[in-house]
Amino acid sequence: MNPDLSRPRPAGREEHPLLPPFAERDLPAGRHQFHKERLMAQIHEDLRAADTAARAPAQAAPARVTGSRNPFLRRAVFVPAAAFALAGALAVGFLSYVDRGAADGPGSTVATGPALTTRIGTADPKGAPQLLDRISLASASVSGPAVRADQFIYIGSKAANTYVKTVGNKSTLVSLPLHVRHQWNSPDGTKGWLIEPGNTGPEGVTLAGPDEKGNTPTPYLNAPTYNYLAALPTDPDVLLRRIYEETKGMGNGPDQEAFTTIGDLLRSSYPPAELTTALYKAAAKIPGVVTVDEAVDAAGRSGVAVARLDEHSGQRVEWIFDRQTLTFLGERSVQVQGESGEQGLIKPGTVVYTSAVMTRTVVDGIKELPPTAP
């Protein structure tokens, strides 16, 4: 399905940048989109810096962009050659990010500067099982349309993220603007299309064909197709055991990686109703899962969240749900403990990544936009 798994997921170590590309098994495809965005942003910054340097004295310092998740990157990513030709598109087609968050009430600790910030919601370590049980019941009563082999799954979403940019010896915290992403995938994953400002041209790029190594991708948990998801077990215990087994050795520990994997599936794929229910029930069994009283998605919609703190990075991953309907709205990662990023610029309250699922449905043709598309 080549889902949008753009939310960065920290790895347990940093490796040499010339190691093999993301298609290797120990780099889940869920990390590819984020790394691709970071690489494209760096290309844009370097091109602009080169142009500036050409007009400035020779001693002018070059610019570089350090991704906010740089301490946690496992590998560099090979981006298709066409992506480099589209580097200039980074500044084209972005929507303005209006709601950048603010300190909410006395005692709030939020980052300052041109970055996404938020009030850190209060976590309840005891409320997760009950909330996830309610969410699973609500999801069981909502079944999406069936998918035929000749149809396409469409997901329209919004996303933005924060990173550290360094020019010479000066580092600043900035945000890539909120942008809309349109993606189509066939149920078997052999056909697909992506339109995303900053990563593609206005017409988009195909998601079909082999990977960067010329291999036909095999679907797995971090890069599933609809057909793959439909074949997964719906017993929560069996499902969770499989998730732990297939993500062994990834991320910052088995529990955090299991939570991350389930969040990726909820946000960026189209799980059948039975599987969605099972995913919520499985998540309730992961140690360290909490509820958060308030969280806001990339579209500005406020809700309640199910979350887990990555103790390695100090960032809390939050799944956001509508308070009344318990519909999944989106996901975000918030720095809640300590500081991260170059020079510790990512302070508590910084929204490292935010997303909102606006439309998820089935259409008859590739590149067909449903009426509810963002």
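This is a predicted model: local features need pLDDT of at least 70, side-chain atom pairs count only at pLDDT 80 or more; totals for chains, interfaces and linings use all residues.
## Overall make-up

The protein has seven helices and eleven strands. Of its 374 residues, 54% are buried. Among contacts with a separation of 6 or more, 68% join residues 24 or more positions apart.

## Helix 7 and its surroundings

Helix 7 spans residues 273-283. Most of helix 7 is covered, with nine of its eleven residues buried. The buried set consists of Ala-273, Leu-275, Thr-276, Thr-277, Ala-278, Leu-279, Tyr-280, Ala-282 and Ala-283.

Two packed helices are described by the angle between their axes and the distance between the axes. Here, helix 3 and helix 7 pack at about 175°, and their axes lie 8 Å apart. Angles over 145 degrees count as roughly antiparallel. Helix 3 and helix 7 are therefore roughly antiparallel to each other.

Helix 3 brings Leu-132, Ile-135, Ser-136, Ser-139 and Ala-140 to the contact. Helix 7 brings Thr-276, Thr-277, Tyr-280, Lys-281 and Ala-283. By class, the contact has five nonpolar, four polar and one charged residues.

Rolling a probe the size of a water molecule over the atoms shows where empty space is left. The second largest pocket holds about 660 Å³ of space. Its lining counts 25 residues. Nearest the pocket centre lie Val-142, Gly-144, Thr-276, Thr-327 and Arg-360.

Three elements each supply at least two lining residues: helix 3 (128-140), helix 7 (273-283) and strand 11 (351-363). The lining of this pocket has 16 nonpolar, seven polar and two charged residues.

## Ala-307 in strand 8

Ala-307 sits in strand 8, which covers residues 302-310. The relative accessible area of Ala-307 is 0%, so the residue is buried.

Leaving aside residues up to four places away in sequence, Ala-307 touches Phe-259, Gly-288, Val-289, Val-290, Val-292, Arg-316, Val-317 and Glu-318. One of these, Val-317, is ten residues from Ala-307 along the chain. The C-alpha atoms of the two are separated by 5.4 Å.

## Two residues with positive phi

Leu-326 is not a glycine, yet its phi is positive, at about 60°. Leu-326 belongs to the loop between strand 9 and strand 10. The cut-off for buried is under 20% relative accessible area. Leu-326 has 10% relative accessibility and therefore counts as buried.

Lys-367, another residue other than glycine, has a positive phi near 70°. Lys-367 is found in the segment after strand 11. With a relative accessible area of 42%, Lys-367 is partly exposed.

Key. Residues are numbered from 1 along each chain as its sequence is written. Side-chain values use heavy atoms; hydrogens and water are left out. Helices (H or I, at least four residues) and strands (E, at least two) are DSSP runs, numbered from the N terminus. Buried means under 20% relative accessible area, exposed over 50%, partly exposed in between (1.4 Å probe, protein chains only). Contact means heavy atoms within 4.5 Å. On a 1 Å grid over the protein atoms alone, a cavity is a set of points where a 1.4 Å probe fits but cannot get out, and a pocket is an open set with protein on both sides within 12 Å along at least five of seven lines; lining residues have an atom within 4 Å of a point. Grid points are joined across faces, edges and corners, and a volume is the space filled by probe spheres set on the points. Ala, Val, Leu, Ile, Met, Phe, Trp, Tyr, Cys and Pro count as nonpolar, Asp, Glu, Lys and Arg as charged, and the others, Gly among them, as polar. Axes are lines fitted to C-alpha atoms, for helices over the stretch in contact, and angles run from 0 to 180 degrees between N-to-C directions. Angles under 35 degrees count as roughly parallel, over 145 as roughly antiparallel, 65 to 115 as roughly perpendicular and the rest as oblique.
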